[in-house]
Amino acid sequence: MVLSALRRRLLRSSSSAGAWARLLQRQSSGCVYSSIHGFNQEEIREKLQAFAGGSIDLLKQESGIAVLTINNPSRMNAFSGKVTLCYEMNLYIICVLRQSSAFLPGSMMVDLEEKVSQLENWADAKGLIVQGAAGTFCSGSDLNAVRAISNSQDGMKMCMFMQNALTRILRLPLISVALVEGRALGGGAELTTACDFRLMASGSVIQFVHKHMGLVPGWGGAARLVRIVGSQNSLKLLGGALKVNADFGLQIGLADGVLEVPQGGEDAGTLLQQAENWLSHYTKGPAPVIQAVKKVVLSGRELPLSEALRTEKDVFGTVWGGPANLQALASKSKHK
C-alpha cells in the first residue's frame, strides 16, 4: 500500500514536471500549434503568400520602442501584402500598408510572422506600438483571400497560423500597446487584444464583426477578450457585434487610455508621439529589467501558481546582482 501511494506521488510529480516543461517550452517559443497538432507551417505560408498587396513595416529605435504599422490603405489595412523593415534609433516599427483596413490576408500574414521573429530576437527591446496607416487601424482579413480559402481545412490552417503569430506578439519580452485610430474591425479587433494595452484615439471604434460574417473570432481574439473584459462583456461584444468607442472601451476595460486627435495645423504632437510618451512611463529603465518584468507577468498569467513562482525565481536570478541592480543600490534609488 505504501509503495502504491509512493508510486502515485511519483507519477503525479513526474506529470507536473512534464506539464511545467511543456508550458515553459511553449512560452519560450511563443507558438500554440506545431507539427504535433497537424500544423505544417511551411505549407500554409506558401498558400498565404499567393495573396499580394500591402505591407507590414517595422521600425526599431534606440529608445527600445518599436512601431509596427499595418499598411494597406486601399483595402482598409486588410492583411494581404508585403512587409518592409525600417530601422531608426533601435526602434522597430511594423507598418501594415493601407489599402482599406478591412481584413488581413495573404503574404501580409507571413510578413507579420517574420517581423515578430525579428522582435523576438531584438536584444534591446522594451516596447512595441502597433498602429495602422492612413488614419485607420485594421479590418482583419481581405475578403478576396477569405473567399479563396473558404474551405474548412484551409480556414483552420490560416486560423492556426494567425493564432501562433498573435500569441507570439502577446508573449514578446516587451510591453506592447495597440494604437487604435479609426476602425479596428474583425481580425483587426482581435489584433488589439494581442497587445498588453490599448490606446484609443477619440472617434475610433473597435468592433468584433465576426457574427455578421457568420463566424466567431479565430485568431485567438475571443480567448484573449475574456481575459481582458470578462465573460459577460465578451458575450455582449461578440453576440451583439457592439461598436466600442473610446468611452465605452474605458468603461469595460478594453481601452487603457484615450488620445485626442491633433487638430489640423496644431503642433501639439501626433498620436504616435502621444502613444510613445504614454508607453515610456512603463518602459523607462534598462531593457533587461523591462523584459524581466514582462516575463514574470506572463508566467503569472499563463502558468499555474507553483510553476509561475518557480519561473519568477529564475527570472529574479537573472537581474539580482546585475548592472541595473548594483547601480540602484549604489545610488540608493529605492525610494525615489
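In this predicted model, helix α7 (residues 221–229) packs against α8 at an angle of about 130°, and the two axes are 7 Å apart.

**Helices α7 and α8**

- The crossing in which α7 passes α8 is right-handed.
- On the α7 side, the residues that meet α8 are A222, L225, V226 and V229. Their partners in α8 are S231, N233, S234, L237 and L238.
- By class, the contact of α7 with α8 comprises six nonpolar and three polar residues, with no charged residue.

**Helices α3 and α5**

- Helix α3 (residues 107–120) and helix α5 (residues 152–170) have axes 10 Å apart and pack at an angle of about 30°. Because angles under 35 degrees count as roughly parallel, α3 is roughly parallel to α5.
- The crossing of these two helices, α3 and α5, is left-handed.
- From α3, the residues in this contact are M109, V110, L112, E113, V116, S117 and E120. From α5, they are M158, F161, M162, A165, L166, R168 and I169.
- The contact of α3 with α5 has ten nonpolar residues, one polar residue and three charged residues.

**Helices α11 and α12**

- The axes of helix α11 (residues 287–302) and helix α12 (residues 305–319) cross at roughly 175° and come within 9 Å. Since angles over 145 degrees count as roughly antiparallel, α11 is roughly antiparallel to α12.
- P288, A292, K295, V296, S299 and G300 are the α11 residues that meet α12. The α12 residues they meet are A308, T311, E312, V315 and V319.
- Six nonpolar, three polar and two charged residues make up the contact of α11 with α12.

**Residues with positive phi**

- A134 is a residue other than glycine with a positive phi, near 60°. A134 is located in the loop between β5 (127–132) and α4 (143–148).
- A134 has a relative accessibility of 40% and therefore counts as partly exposed.
- A241 also has a positive phi without being glycine, with a value near 45°. The loop that holds A241 runs between α8 (231–239) and β10 (243–244).
- A241 counts as buried because its relative accessibility is 5%, and the limit for a buried residue is under 20%.

**Residue S34**

- S34 is situated in the loop between α1 (2–29) and α2 (41–48).
- The relative accessible area of S34 is 30%, so S34 is partly exposed.
- S34 and N164 are 130 residues apart along the chain, and their C-alpha atoms are separated by 9.1 Å.

**Residue G257**

- G257 belongs to strand β11 (residues 257–259). With a relative accessibility of 12%, G257 counts as buried.
- Beyond its neighbours within four places in sequence, G257 is in contact with R198, L199, M200 and L250.
- The C-alpha atoms of G257 and A275 are 9.6 Å apart, and the two residues are 18 residues apart in sequence.

**The chain as a whole**

- The chain has 336 residues, of which 49% count as buried.
- Its secondary structure consists of 13 helices and eleven strands.
- Among the contacts in the chain with a separation of 6 or more, 79% are between residues 24 or more positions apart.

**Confidence of the prediction**

- The average pLDDT of the chain is 84, and 77% of the residues score at least 70.
- Over residues 81–87, pLDDT stays under 50. For this stretch, residues 81–87, the model has 42 contacts beyond four places in sequence.
- Residues 89–106 form another stretch in which pLDDT stays under 50. For residues 89–106, the model has 166 contacts beyond four places in sequence.

Key: Residues numbered from 1 in each chain as written. Predicted model: local features only at pLDDT ≥ 70, side-chain atom pairs only at ≥ 80, totals over all residues. Heavy atoms only, no water. Helix = DSSP H or I, 4+ residues; strand = E, 2+ residues; numbered from the N terminus. Buried < 20%, exposed > 50% of the residue type's maximum accessible area, 1.4 Å probe, protein only. Axes fitted to C-alpha atoms, helices over the stretch in contact; angles between N-to-C directions. Parallel < 35°, antiparallel > 145°, perpendicular 65-115°, else oblique. Left-handed = near helix turned anticlockwise from the far one by under 90°. Contact = heavy atoms within 4.5 Å. Nonpolar A, V, L, I, M, F, W, Y, C, P; charged D, E, K, R; others polar. pLDDT = per-residue confidence, 0-100.
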